[in-house]
Amino acid sequence: MSIQIGILGAGVLGRVLALRLDSLGCNVTLFDENRSDGAGSSSYVAAGMLAPYCELETADNLIFDLGVASLELWPKILQEFETPPFFRRRGSLVVTHTEDLPDLELLRKKVAKKVGGQNGFQDVSAVSIFALEPEIDRKISNGIFFKNEGHISSRDFLVASAVEFHRRKIQCFFETCATASQSGKISCSAGDFQFDHVIDCRGIRARADMTSLRAIRGELIRVYAPDVHLGRPVRLIHPRYPLYIVPLPNKQFVIGATQIESDDLGPITVQSTLELLTAAFSVLPGFAEARIAETSVGLRPAFPTHSPRVQIRNRLLRVNGLYRHGFLIAPKLSEIIGDFILNEKGSLNEFSD
Ligand SMILES: Cc1cc2nc3c(=O)[nH]c(=O)nc-3n(C[C@H](O)[C@H](O)[C@H](O)COP(=O)(O)OP(=O)(O)OC[C@H]3O[C@@H](n4cnc5c(N)ncnc54)[C@H](O)[C@@H]3O)c2cc1C
């Protein structure tokens, strides 16, 4: 008989885990208090950058390794989908204004130290920036091109994964608030369900059960800009207004994101709006005519190390702290957890608290 798995929380982690465990032959049931489109989760807000090299600016080697492996796994996961979400792998471009060149050099050194030499990235000058992205402000003449990076539409993925769950007959209880116990039981308004293993992926909502899990507020702005063309995500290195611009289908662009130590889910502030839009406009002047389609706020679940953790209590496994890397690392993290549950293969030591 197949192993019965209950997953509490259908953000990107709960969903990728559900797909992985289903493909390994487990009988998976998913519970989430929000709708099937994921609205209300941190994953719904995410910009969807898959940028392990760029993230080396602040992230550690574990995130890099999980991210590089996940970049290879995403196409394999998505090729199974009947309607795959938007996913691109055209690299990403990091640029800076001349006065901030030392910060760009710092990133270059960090990446070079990690990957050795110029592996996976190249310095770009005004001519090559123009060749890659002709609409970037001509005053910007320094950058690094990370050719292996990618991006995914987070919302497309949330919608497409719900369709996949239906197609694969993975039982889902959406709009259902639930609790999990160490004995492997999940309880909700639909009843009590007993599983061989329960995986708690509640993101920031698991704060009461995971010591030192905290929220980092992120604000971003979605604009509609029919006249702007961008082939890949662009990041601006800036001491006060670091920024990324992510192109999505239908001429939508995500401009983000702030990082604020707060669990306030209230609307975006005036200051953040001004800073994000001013910085974005300094990179892509074509945004002058863009329409603001939406402002969003999400809470990134983070531990002090900014790396994910796994906590095992009998039949209950809590996985959390994906911080700003949920889409970046979920595929490899899910593979590791799947191997551990099914084969007791490998160890979760590097994620233990
Ligand atoms: C502004 C912003 C930009 C970001 N950009 C990126 C990016 O470019 N790339 C990247 O990789 N990451 C990015 N992230 C980070 C990413 O969004 C998170 O790391 C990721 O969403 C965490 O996923 P999760 O599944 O752990 O949690 P969540 O996505 O928060 O999912 C948790 C789920 O649990 C459910 N839940 C909670 N309690 C219960 C309960 N009792 N019963 C049932 N269901 C429950 C919630 O409804 C929710 O759906 C960004 C985050 C923010 C805020």
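## The shell around the ligand

The shell around the ligand is made of 19 nonpolar, 13 polar and six charged residues; here Ala, Val, Leu, Ile, Met, Phe, Trp, Tyr, Cys and Pro count as nonpolar, Asp, Glu, Lys and Arg as charged, and the others, Gly among them, as polar. This is a predicted model in which local features need pLDDT of at least 70 and side-chain atom pairs count only at pLDDT 80 or more, while totals for chains, interfaces and linings use all residues. Residues are numbered from 1 along each chain as its sequence is written, and side-chain values use heavy atoms, with hydrogens and water left out.

In all, 38 residues surround the ligand, each with a heavy atom within 4 Å of it. The closest are Asp32, Asn34, Ser43, Met49 and Tyr323.

## Backbone contacts

A polar backbone atom of alanine 47 sits 3.1 Å from a ligand nitrogen, and a backbone N or O atom of alanine 178 lies 3.0 Å from a nitrogen atom of the ligand. On the oxygen side, a ligand oxygen is 2.9 Å from a polar backbone atom of phenylalanine 327. Taken alone the ligand exposes 1,000 Å², and the protein buries 97% of that (Shrake-Rupley method, 1.4 Å probe).

## Helix H1

Helix H1 (12-23) supplies at least two residues of the shell; helices are DSSP runs of H or I, at least four residues. Of the 12 residues in H1, 10 are buried, meaning under 20% relative accessible area (1.4 Å probe, protein chains only). Among them are Val12, Arg15 and Asp22. Just after H1, glycine 25 takes a positive phi of about 95°.

Technical notes. Polar contact = N/O pair within 3.5 Å; in protein donor to acceptor, adjacent residues only side chain to side chain. Buried < 20%, exposed > 50% of the residue type's maximum accessible area, 1.4 Å probe, protein only.
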